[in-house]
Amino acid sequence: QVQLTESGGGSVQAGGSLRLSCRVSSQTYNRNCIAWFRQAPGKDREGVAAIYTGGIDDNTYYADSMKERFKISQDNAENTIYLQMNDLKPEDSAMYYCAAEEWGGPYCYTGPNPYAIWGQGTQVTVSS
């Protein structure tokens with residue numbers, strides 16, 4: 001079964017950048033949708049971006065308003081999905097999770113329903 005381990009969160013000032021990592025432990029790495037979500041206290045879980053790990057094209061998908069400052073990418077040699085976050089704002093503060101839909105794709109959803117496997121999350125805090 002797929003296992004996910006996030007890292008890279010931390011505290012940053014507004015305008016700064018962070019790169020989150022999601023290491024995917026799976027023998028079926030190249031047959032998954034992997035997505036990033038975030039959840040702030042008192043708010044619903046929100047989709048950020050998703051990627052199909054088996055694609056040879058740019059099979060990346062973004063929730064509305066996320067593409068401008070966030071970029072999802074993969075390193076197949078490292079079985080790792082990245083989320084590059086630029087020009088961070090205080091409202092980006094949240095727990096960030098990666099999630100997997102085994103045997104998903106090539107189209108990957110940015111809503112939470114198809115994703116059955118979740119990591120523990122990594123905290124991002126942006127100060128003004």
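The backbone oxygen of Asp 87 lies 3.0 Å from a polar atom in the side chain of Arg 69, a polar contact in the sense of a pair of N or O atoms within 3.5 Å (within protein, one must be able to donate a hydrogen and the other to accept it, and residues adjacent in sequence count only if both atoms are side-chain atoms). The model is predicted, so local features need pLDDT of at least 70 and side-chain atom pairs count only at pLDDT 80 or more, while totals for chains, interfaces and linings use all residues. Residues are numbered from 1 along each chain as its sequence is written, and side-chain values use heavy atoms, with hydrogens and water left out. The protein has 0 helices and 11 strands; here helices (H or I, at least four residues) and strands (E, at least two) are DSSP runs, numbered from the N terminus.

- Arg 69 sits in the loop between β6 (60-62) and β7 (70-75).
- With a relative accessible area of 15%, Arg 69 is buried; buried means under 20% relative accessible area, exposed over 50%, and partly exposed in between (1.4 Å probe, protein chains only).
- The side chain of Arg 69 also makes a polar contact of 2.7 Å with the side chain of Asp 92.
- Setting aside neighbours within four places in sequence, Arg 69 is in contact (heavy atoms within 4.5 Å) with Gln 84, Met 85, Asn 86, Asp 87, Leu 88, Lys 89 and Asp 92.
- Asp 92 belongs to the loop between β8 (80-85) and β9 (94-102).
- Asp 92 counts as buried because its relative accessibility is 1%.
- Not counting residues up to four places away in sequence, Asp 92 touches Arg 38, Arg 69, Phe 70, Asp 87, Val 124 and Val 126.

**Backbone geometry in the loops**

- Most residues other than glycine have a negative phi, and most peptide bonds are trans.
- Asp 87 is not a glycine, yet has a positive phi of about 50°.
- Asp 87 lies in the loop between β8 and β9, and its relative accessible area of 39% makes Asp 87 partly exposed.
- Trp 103, another residue other than glycine, has a positive phi near 65°.
- The loop between β9 and β10 holds Trp 103, which counts as exposed because its relative accessibility is 57%.
- Gly 105 and Pro 106 are joined by a cis peptide bond, with omega about 5°.
- Pro 106 is in the loop between β9 and β10 (117-118).

**Gln 123 in strand β11**

- Gln 123 is part of strand β11 (residues 122-127).
- At 37% relative accessibility, Gln 123 is classed as partly exposed.
- Although Gln 123 and Met 95 are 28 residues apart in sequence, their C-alpha atoms are 4.4 Å apart in space.
- The side chain of Gln 123 reaches the backbone oxygen of Ala 94 at 3.3 Å.
- Apart from neighbours within four places in sequence, Gln 123 contacts Gly 9, Gly 10, Ala 94 and Met 95.

**Ser 25 in strand β3**

- Ser 25 is located in strand β3 (residues 18-25), and a relative accessibility of 41% makes Ser 25 partly exposed.
- Ser 25 and Asp 75 are 50 residues apart in sequence, and 13 Å separate their C-alpha atoms in space.
- Beyond neighbours within four places in sequence, Ser 25 is in contact with Gln 1, Val 2 and Gln 3.

**The protein as a whole**

- From the N terminus on, the order of elements is β-β-β-β-β-β-β-β-β-β-β.
- The radius of gyration is 14 Å, close to the 14 Å that the globule rule gives for 128 residues, so the protein is as compact as a globular protein of that length. This radius is taken over C-alpha atoms, and the rule is 2.2 Å times the number of residues to the power 0.38.
- Along the principal axes, the C-alpha atoms fill a box of roughly 40 × 25 × 25 Å.
- Of the 128 residues, 47% are buried.
- Among contacts between residues at least 6 apart in sequence, 60% join residues at least 24 apart.
- The protein exposes about 6800 Å², of which carbon and sulfur atoms supply 42%; the area comes from the Shrake-Rupley method with a 1.4 Å probe, and for residues only the protein chains shown count as cover.
- The mean positions of the 10 positive and 14 negative charges are 2 Å apart. Lys and Arg count as positive and Asp and Glu as negative, with His and the chain ends not counted; each charge is placed at NZ of Lys, CZ of Arg, CG of Asp or CD of Glu.
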